[in-house]
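Q: Can we go through this model together? I'd like the overall picture and then some local detail.

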Amino acid sequence: GKAKMSKSLGNCIYLSDEADEVKKKVMSMYTDPNHIRVEDPGQIEGNSVFTYLDAFCRPEHFEQFLPDYKNLDELKEHYSRGGLGEVKKFLNNVLQSELTPIRERRKMWESRIPDVLDILKAGSEAAQKKAAATLYDVRSAMKINYFDADGLENDYK
């Protein structure tokens, strides 16, 4: 709906957003300007609700939150012909089910900052070792390992 997609528009759903924040964002999403009333046929393409559903919806979400439909194709078909107005509510349920475990894990790690720092430090050390080994291999392959035992120094001894 708008020319620019960025954080400045306030239209992002963050992994750290609380449940009420996600619901507010979903319920105010831009969808389809021609779908004014529930009875009106809706357009799937360019509809941000269906973009999110395409990305996050799984078959078990229908069993749990919208048992009248077997899958997303069936839901899209009904929305396209009109008479369906509960897609945002369904999307909110889908996103909440996906984000809840992430939120819980984030809160757990937020309470263990020293452990997080230890993990980051260990990862950095491992990455530095791997990068040094890769750089050594690259220098050897390009024959620019001047200061190794077989390098430049031996040519002048």
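This is a predicted model: local features need pLDDT of at least 70, side-chain atom pairs count only at pLDDT 80 or more; totals for chains, interfaces and linings use all residues.

Q: How many helices and strands are in the protein chain?
A: The protein chain has seven helices and zero strands. In sequence order the pattern reads α-α-α-α-α-α-α.

Q: And what share of the residues counts as buried?
A: Of the 157 residues in the protein chain, 24% count as buried.

Q: What about contacts between residues at least 6 apart in sequence: what share joins residues at least 24 apart?
A: That share is 59% in the protein chain.

Q: Give me an example of two residues that are apart in sequence. How far is leucine 99 from leucine 15?
A: They are 84 residues apart in sequence, and their C-alpha atoms are 6.6 Å apart in space. Leucine 99 sits in helix α5. Leaving out residues up to four places away in sequence, leucine 99 touches Ile13, Leu15 and Val22.

Q: Is leucine 99 buried or exposed?
A: Leucine 99 is buried, because its relative accessible area is 8%, and the cut-off for buried is under 20%.

Q: Switching to α4. Which of its residues are buried?
A: In helix α4, residues 72–81, the buried ones are Leu72, Leu75, Lys76, His78 and Tyr79. Viewed down the axis of α4, the buried residues fall within an arc of 165°, so they line one face of the helix.

Q: What covers them?
A: The cover over the buried residues of α4 includes α2 (48–56), α3 (59–65) and α5.

Q: How about the ends of α4? What caps the N-terminal end?
A: Asparagine 71 does: one of its side-chain oxygens lies 3.2 Å from the backbone nitrogen of aspartate 73. Just after α4 comes glycine 82, with a positive phi of about 100°.

Q: What does glycine 82 have to do with aspartate 40?
A: The two touch. Not counting residues up to four places away in sequence, aspartate 40 touches Asn34, His35, Tyr79, Gly82 and Gly83. Tyr79 is also among the buried residues of α4.

Q: Where is aspartate 40, and is it buried or exposed?
A: Aspartate 40 is in the loop between α1 (19–27) and α2. Aspartate 40 is buried, since its relative accessible area is 14%.

Q: On to pockets. How much space lies in the second largest pocket?
A: About 160 Å³.

Q: Which residues line it?
A: The lining of the second largest pocket consists of Met27, Thr31, His35, Val49, Tyr79, Leu84, Gly85, Glu86, Val87, Lys88 and Lys89. His35 and Tyr79 in that lining are also touched by aspartate 40.

Q: Which helix gives the largest share of that lining, and what is the split by class?
A: Helix α5 (residues 87–110) gives the largest share, three residues. By class, the lining has five nonpolar, three polar and three charged residues.

Q: Last topic, lysine 143. What is its phi?
A: Lysine 143 has a positive phi of about 55°, although it is not a glycine.

Q: Where is it, and is it buried or exposed?
A: Lysine 143 lies in the loop between α6 (113–141) and α7 (152–155). Lysine 143 is exposed, with a relative accessible area of 68%.

Conventions: Residues are numbered from 1 along each chain as its sequence is written. Side-chain values use heavy atoms; hydrogens and water are left out. On a 1 Å grid over the protein atoms alone, a cavity is a set of points where a 1.4 Å probe fits but cannot get out, and a pocket is an open set with protein on both sides within 12 Å along at least five of seven lines; lining residues have an atom within 4 Å of a point. Grid points are joined across faces, edges and corners, and a volume is the space filled by probe spheres set on the points. Helices (H or I, at least four residues) and strands (E, at least two) are DSSP runs, numbered from the N terminus. Ala, Val, Leu, Ile, Met, Phe, Trp, Tyr, Cys and Pro count as nonpolar, Asp, Glu, Lys and Arg as charged, and the others, Gly among them, as polar. Buried means under 20% relative accessible area, exposed over 50%, partly exposed in between (1.4 Å probe, protein chains only). The arc is that of the directions from the helix axis to the C-beta atoms. Contact means heavy atoms within 4.5 Å. A polar contact is a pair of N or O atoms within 3.5 Å; within protein, one must be able to donate a hydrogen and the other to accept it, and residues adjacent in sequence count only if both atoms are side-chain atoms.
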